[in-house]
Amino acid sequence: MSAEPPLSAYQFEIYLDGLAGRRPAFPTDLTMLEEAARARMEPEAFGYVSGGAGSGATVRANREAFDRWRIVPRMLRDVSKRDLGTTVLGTAMPAPVMTAPVGVLSIAHPEGELAVARAAASLGVPIVLSTAASYTMEEVAEAGGDGPRWYQLYWPKDRDLAISLLSRAEAAGYSALVVTLDTWMLAWRPRDLDHAYLPFLRGVGVANYFSDPAFRAGLARPPEEDVQAAVLRWADQFADPRKTWADLAFLREHWRGPIALKGILHPDDARRAVDAGMDGIVVSNHGGRQVDGSVGALDALPGVVAAVGDRAEVLLDSGVRTGADVVKALALGARAVLVGRPYAYGLALGGEDGVRHVLRCLLAELDLTLALSGQTTIAELNPGLLAPA
Ligand SMILES: Cc1cc2nc3c(=O)[nH]c(=O)nc-3n(C[C@H](O)[C@H](O)[C@H](O)COP(=O)(O)O)c2cc1C
Ligand SMILES: CC(C)CC(=O)C(=O)O
């Protein structure tokens, strides 16, 4: 049953490298990545990735929510063999960890999402590719090869464009759809406002639109001839604040595979999602980038899990930084977690190698935390493993 070698093997590999005089090129304490990346990134790009909405209260709330729980390890339970593997929305994965959809990654590294797809695929970790990626979904699919992949939709106003994006994603092998509900417009983001910086207006993150026949059909001149006009149409199209629950039927009609709604925090919204036939929910506040002062994602998780029961799979993102965080989220009922900024920082620090390092650290730390807490599978995790801080 155990994966060979165990996910924690990275730990020993690092120590062995030390015998040959090599030290890890990037931090192994994943909470230190942000500071390391700050020193390497352009200030505008770093501000965009690290920043949150408004005063940053929700970014802090996400971390505080994890800090309010403590793991209570159990002893003498034979943890020699562990299996962290799981299946989420039909996708098998080596551990309950995926990369969250993060757009515009070429502001962190020129290879952007291509490097992420390669790194994740080398570990079997699924990616969720953003509509606002710097590369097209077909390019990223090719880079990731056989690696598992899902597609995140920013649901555009134009119906034909939405249908076209969905059919391209299906054709390119994206097996599940994640529809983001919390970003119909950008929040007030002082870090970016102070820099007067928005990547999209500079032509980053628009590749999936610019390459799309339905989008191009709506332009007077192709993007290659008039970038400015194309970018403005992108900005007008990229999300549709008029959408309501009634519109979900459209998604079912045009997407064959599983669908998850991302950005749900209220139990009643979670209930509505399952009533509408959705397969999954991503409890998320967009990494604190949208509603300043909103509830921490982990704080919202138990209510959503209770509301949904076993009618849908519940995932969580926003604030996950360590293996212990993953254990806490799973113990509180998440089936898997997504990480955002940590892998973006890994990308900024070292391209594909940097992303692989971050993912390997997280998986190794998760494996070790589970083992040292007396757990051998993720299925057995429950709130009994935790105590309030
Ligand atoms: C730079 C950046 C860009 C993002 N772009 C997207 C996006 O295109 N689509 C989306 O659904 N979420 C996007 N997100 C939100 C992430 O998917 C995720 O919810 C969030 O990063 C999780 O929080 P964490 O960064 O604390 O792990 C973005 C986040 C960041 C930091
Ligand atoms: C607004 C999006 C296109 C990008 C995003 O989700 C983000 O910056 O948080």
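Arg289 sits in the loop between S9 and H14. The labels S and H stand for strands (E, at least two residues) and helices (H or I, at least four residues), which are DSSP runs numbered from the N terminus. Before I go on, this is a predicted model, where local features need pLDDT of at least 70 and side-chain atom pairs count only at pLDDT 80 or more, while totals for chains, interfaces and linings use all residues. Residues are numbered from 1 along each chain as its sequence is written, and chains are lettered from A and ligands numbered from 1 in the order in which they are written.

So, is Arg289 buried or exposed? Arg289 counts as buried because it has 25 C-beta neighbours inside 10 Å. The cut-offs are 20 or more other C-beta atoms within 10 Å for buried, 12 or fewer for exposed, and partly exposed in between, with C-beta atoms placed from the backbone. Setting aside neighbours within four places in sequence, Arg289 is in contact with Gly52, Ala53, Ala187 and Arg189; contact means that the C-beta atoms, placed from the backbone, lie within 7 Å.

Now look at ligand 2. Which residues surround ligand 2? They are Gly103, Ala132, Thr183, Leu186, His286 and Arg289, each with its C-beta atom, placed from the backbone, within 6 Å. This shell divides into two nonpolar, three polar and one charged. Here Ala, Val, Leu, Ile, Met, Phe, Trp, Tyr, Cys and Pro count as nonpolar, Asp, Glu, Lys and Arg as charged, and the others, Gly among them, as polar.

An unreviewed UniProt entry lists Tyr48, Tyr154, Arg189, His286 and Arg289 under "binding site". Such annotations may be inferred rather than shown by experiment.

Let's follow Tyr154, in the loop between strand S6 (149–153) and helix H7 (159–171). Tyr154 is buried because 21 other C-beta atoms lie within 10 Å. Not counting residues up to four places away in sequence, Tyr154 touches Thr131, Ala132, Thr180, Thr183, Phe238 and Ala239.

Back to S9, residues 280–283: four bridges join this strand to S10, and the two run parallel. Strands pair if DSSP finds at least two bridges between them. Ile281 has Val314 in S10 as its bridge partner. On S10 (residues 313–316), Glu313 and Leu315 are buried on one side, and Val314 and Leu316 are buried on the other.

Finally, S9, helix H14 (residues 297–308) and S10 form a right-handed β-α-β unit. Right-handed means that, with the strands pointing away from the viewer, the path from the first strand over the helix to the second runs clockwise.

Key
Two residues are in contact if their C-beta atoms, placed from the backbone, lie within 7 Å.
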